[in-house]
Amino acid sequence: MKYGDCPFFYWNWLYPEVPPRVEYGLTVRGGSLIPCLEKLVDWALEYMPQIISERKEKKLE
């Protein structure tokens with residue numbers, strides 16, 4: 001197992017095959033971000049109609 005550019009958040013495994021195959025996964029620390037990201041998505045879904053509407057209004061001014 002090798003850690004990627006952010007070793008605290010994900011890992012990757014390179015298989016010595018032709019063509020090469022790589023698997024990626026979250027570390028425990030990376031997985032701990034999932035609840036935060038889910039809340040961020042919930043927020044975006046709740047406010048997106050309002051944000052889109054306000055952007056349209058600004059373009060009309």
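Modeller: First a definition: helices (H or I, at least four residues) and strands (E, at least two) are DSSP runs, numbered from the N terminus. Pro19, for instance, is placed in the loop between strand 2 and strand 3. This is a predicted model, where local features need pLDDT of at least 70 and side-chain atom pairs count only at pLDDT 80 or more, while totals for chains, interfaces and linings use all residues. Residues are numbered from 1 along each chain as its sequence is written, and side-chain values use heavy atoms, with hydrogens and water left out.

Colleague: What pattern does the protein follow along the sequence?
Modeller: Reading along, you get β-β-β-α-α. That is two helices and three strands.

Colleague: What makes strand 2 and strand 3 a pair?
Modeller: Two strands pair if DSSP finds at least two bridges between them. Strand 2 (residues 10-15) and strand 3 (residues 21-26) have six bridges, so they pair, and they run antiparallel. Among the bridge partners, Tyr10 goes with Leu26, and Trp11 goes with Gly25.

Colleague: What is the peptide bond from Val18 to Pro19 like?
Modeller: That one is cis, with omega near -5°. As a general point, most peptide bonds are trans.

Colleague: Why is Gly30 called buried?
Modeller: Buried means under 20% relative accessible area, exposed means over 50%, and partly exposed is in between (1.4 Å probe, protein chains only). Gly30 has 4%, so it counts as buried. You'll find Gly30 in helix 1 (residues 28-31). The C-alpha atoms of Gly30 and Tyr10 are separated by 6.2 Å, although the two are 20 residues apart along the chain. Of the protein's 61 residues, 7% count as buried.

Colleague: How do you know that Trp13 and Tyr15 form an aromatic pair, and what kind is it?
Modeller: Rings of Phe, Tyr and Trp (its six-membered ring) pair if their centres lie within 6.5 Å; planes under 30 degrees apart count as stacked, over 60 as edge-to-face and the rest as tilted. A search of the whole structure finds three such pairs. Trp13 and Tyr15 are 6.4 Å apart centre to centre with 70° between the planes, so the pair is edge-to-face. Trp13 has 38% relative accessibility, so it counts as partly exposed, and Tyr15 at 22% is also partly exposed.

Colleague: Why is the pair of Trp43 and Tyr47 called tilted?
Modeller: Their ring centres are 5.2 Å apart and their planes are at 35°, so the pair is tilted. Both residues lie in helix 2 (residues 34-60), four residues apart, about one turn of the helix. Trp43 is partly exposed at 45%, and Tyr47 is partly exposed at 32%.

Colleague: What makes the group with Phe8 and Phe9 a nonpolar patch?
Modeller: Patches are made of residues with over 30% relative accessible area and no salt bridge: like charges are joined within 9 Å, nonpolar side chains (Val, Leu, Ile, Met, Phe, Trp, Tyr) within 5 Å. Here Phe8, Phe9, Leu33, Leu37, Leu40, Trp43 and Tyr47 form one on the surface, with about 690 Å² of accessible area together. Accessible areas come from the Shrake-Rupley method with a 1.4 Å probe; for residues, only the protein chains shown count as cover.

Colleague: How do you know that Arg21 and Glu17 meet in a salt bridge?
Modeller: A salt bridge is a side-chain nitrogen of Lys or Arg within 4 Å of a carboxyl oxygen of Asp or Glu. Arg21 and Glu17 come in at 3.1 Å, N to O, so they meet the definition. Glu23 and Arg21 also form a salt bridge, at 3.1 Å, N to O. Shared partners join Glu17, Arg21 and Glu23 into one network. Arg21 is partly exposed at 35%, as is Glu17 at 35%, and Glu23 is partly exposed at 32%.

Colleague: What makes you say that the charged end of Arg21 sits over the ring of Tyr15?
Modeller: The rule asks for NZ of Lys or CZ of Arg within 6 Å of the ring centre and within 35 degrees of the ring normal. The charged end of Arg21 is 3.8 Å from the centre of the Tyr15 ring, and it counts as sitting over that ring.
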